[in-house]
Amino acid sequence: MNNTEETRSLHFIEEIIEEDLKSGKHSGKILTRFPPEPNGYLHIGHAKSICLNFGLAQKYNGRCNLRFDDTNPLTEETEYVDSIRKDIQWLGFDWEDREFYASDYFGQLYEWAILLIKKGLAYVDDHSAEEVAESRGTPTRPGKESPFRNRSVEENLDLFIRMNKGEFPDGTKVLRAKIDMASPNMHMRDPVMYRIKHAVHHRTGNKWCIYPMYDYAHGQSDFIEGITHSICTLEFEVHRPLYDWFLDNIIDDPLVNFSRTRQYEFARLNLNYTVMSKRMLLKLVKENYVNGWDDPRMPTISGLRRRGYTPESIRDFADRVGVAKRENVIDMSLLEFCIREDLNKKAQRILTVINPLKVIIENYPEGQTEELEAVNNPEDEIMGTRHVPFSRTIYIERDDFMEDPPKKYFRLSPGNEVRLRYAYFIKCNKVIKNANGDITELRCSYDPQSKGGKSPDGRKVKGTIHWVSVQHAIETEIRLYDRLFLKEDPAEAGVNQTFIDNLNPDSLQIVKGYTEPCASEARPFDKFQFERLGYFCVDPDSDSGKLVFNRTVTLRDSWAKISSR
RNA sequence: UGCCUCGUGGUGUAAUUGGCAACACGUCUGACUCUGGAUCAGAAGAGUCCAGGUUCGAGCCCUGGCGAGGCAGCCA
């Protein structure tokens, strides 16, 4: 109860919860839920919602349920259920034994539908989908009542029961709530409660021929579980009157009604240079614009995991973006900041060259090798040190040499001494080129007195560059990623174009890298900082013969800023 | 020309019962440094969508505009 954590101002949902707690509305027990539909993989936007719902439960000593919203058998699959469970766990949240499915409640929902029919509040409509749409009107024009709206309770009961028995083909009948066809809120114009679908459901098989709609299922599912605060995104704001209408008409006990579940809406997360809609993500996967849901360029949780993001960094990000009702677009740089900050503290440093230029140190004895001591993580002393082999022929980064450097360039150039990290000072004596004039090799000399990178005479070198001994280096595959889309808002496409036209053709670049031998023991998802280059993560595509690294994010690069000016 | 929600630095989020607009990311300086990383110090950048009104005093209250997003699936 002492620091910033406690003094930080509350967001609007926390305020509501604290008021409810104070008034004793829920007897001190907060119950939230995360309700994904298992029809796709979770993305960073879901992560915001997961962190919100589970985080609120943690903060207020409550619980958070996982509930799969599986009311549409046509699009839902167990593959998605499995991926969702894995992603939530990986993020660090635990729903314990409270894994529920809307389909668990199909029986109860059916009973309540019967109740509403008996109350004269629901009816079977024989209209086709087109006719229903037609008679619903538009936002600015009221709808018209269906000719089937005033069927008797008996007839509705009979028809509804037979709908479920499978006596009618798909699309021939629906059960509708009888509310108000002239309501200014479209969702109150006799919304569909049940539709006929002779389809196999991933959990209930072919037990049911009818399936409830989201609006009819969601609030009642919340009620059944005893959810206190049902948090969803802004587009459901206009559904709230309907959410309340169903419960108002199902529950008689005013005491229960007083403390029952309420829906609150917050603004979903948007990130620039990427897309978050399931439809678009599905298209990227199905049409092979990316390599699966867990492609490291995807904003999916599985993609971010494979890219090298940590659960901690994502939770931190979710924390920093805040919770409000205003439409927002978060800068990708914030996400990158969060992963850098986390990995800076944790990642083992190693030297890796990804764009090699061969350097021969002419005055270093041929055939000689030595082991130099290197720090594993300057931010964390207990990570210790390691030995890095050095020899006469090394690779340095091609960018770390310029024959004709600009003013503030303080890496290697003719006549300019630099330090090889943890090794020696070297100077460039000769530049060797091929017939095209491309630099193919450098001849350098080293100062034996500068072993370990220290200058015996106190002379300073401005630049320190990384390197790797050619004969000891491990060759690896390195996947360099850039933003998936060229535009901040990929959905903003020109005429006859779609978001696909905004894909960045250079979002993936595969190169060879040469890394220190100590990396040979690395396992998939191990994370490293390649000094001066960025954070990299071992890809599961790696096998015993070949290491594959994904670049998670580059280091902050102030030279890039200077040189681009 | 309906209904709902929302307008605060480039971005996001704050601002007790009205009282000098704050924090973070980003940007820019400088210091330090065996990573042009990290760290440290500092700066620029909004007068709160607009116009009225109430008030000693308005980002907060009132009125009227304007703008943005959502809603017309038998999707969620």
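**Close-up views of a predicted model**

View 1. With a relative accessibility of 48%, Asp543 counts as partly exposed, a class that lies between buried, under 20% relative accessible area, and exposed, over 50%. The model shown here is predicted. Asp543 is placed in the loop that runs between strand E24 (534-538) and strand E25 (547-554). A polar atom of the Asp543 side chain lies 2.8 Å from the backbone nitrogen of Gly545. Along the chain, Asp543 and Asn206 are 337 residues apart, and a distance of 43 Å separates their C-alpha atoms.

**View 2. Asp125 in strand E4.** Asp125 belongs to strand E4, which comprises residues 122-125. The relative accessible area of Asp125 is 0%, so this residue is buried; the cut-off for that class is under 20%. The side chain of Asp125 forms a polar contact of 3.1 Å with the side chain of Arg176.

**View 3. A positive surface patch that includes Lys408.** Lys408 counts as exposed because its relative accessibility is 58%, and the exposed class begins over 50%. Membership of a patch requires over 30% relative accessible area and no salt bridge.

Methods
Residues numbered from 1 in each chain as written. Chains lettered and ligands numbered in written order. Predicted model: local features only at pLDDT ≥ 70, side-chain atom pairs only at ≥ 80, totals over all residues. Heavy atoms only, no water. Patch = residues over 30% accessible without salt bridge, like charges linked within 9 Å, V, L, I, M, F, W, Y side chains within 5 Å. Areas by Shrake-Rupley, 256 points an atom, 1.4 Å probe, with all protein chains shown as cover. Salt bridge = Lys/Arg side-chain N within 4 Å of Asp/Glu carboxyl O. Lys, Arg positive; Asp, Glu negative; His and termini not counted. Charge placed at Lys NZ, Arg CZ, Asp CG, Glu CD. Buried < 20%, exposed > 50% of the residue type's maximum accessible area, 1.4 Å probe, protein only. Helix = DSSP H or I, 4+ residues; strand = E, 2+ residues; numbered from the N terminus. Polar contact = N/O pair within 3.5 Å; in protein donor to acceptor, adjacent residues only side chain to side chain.
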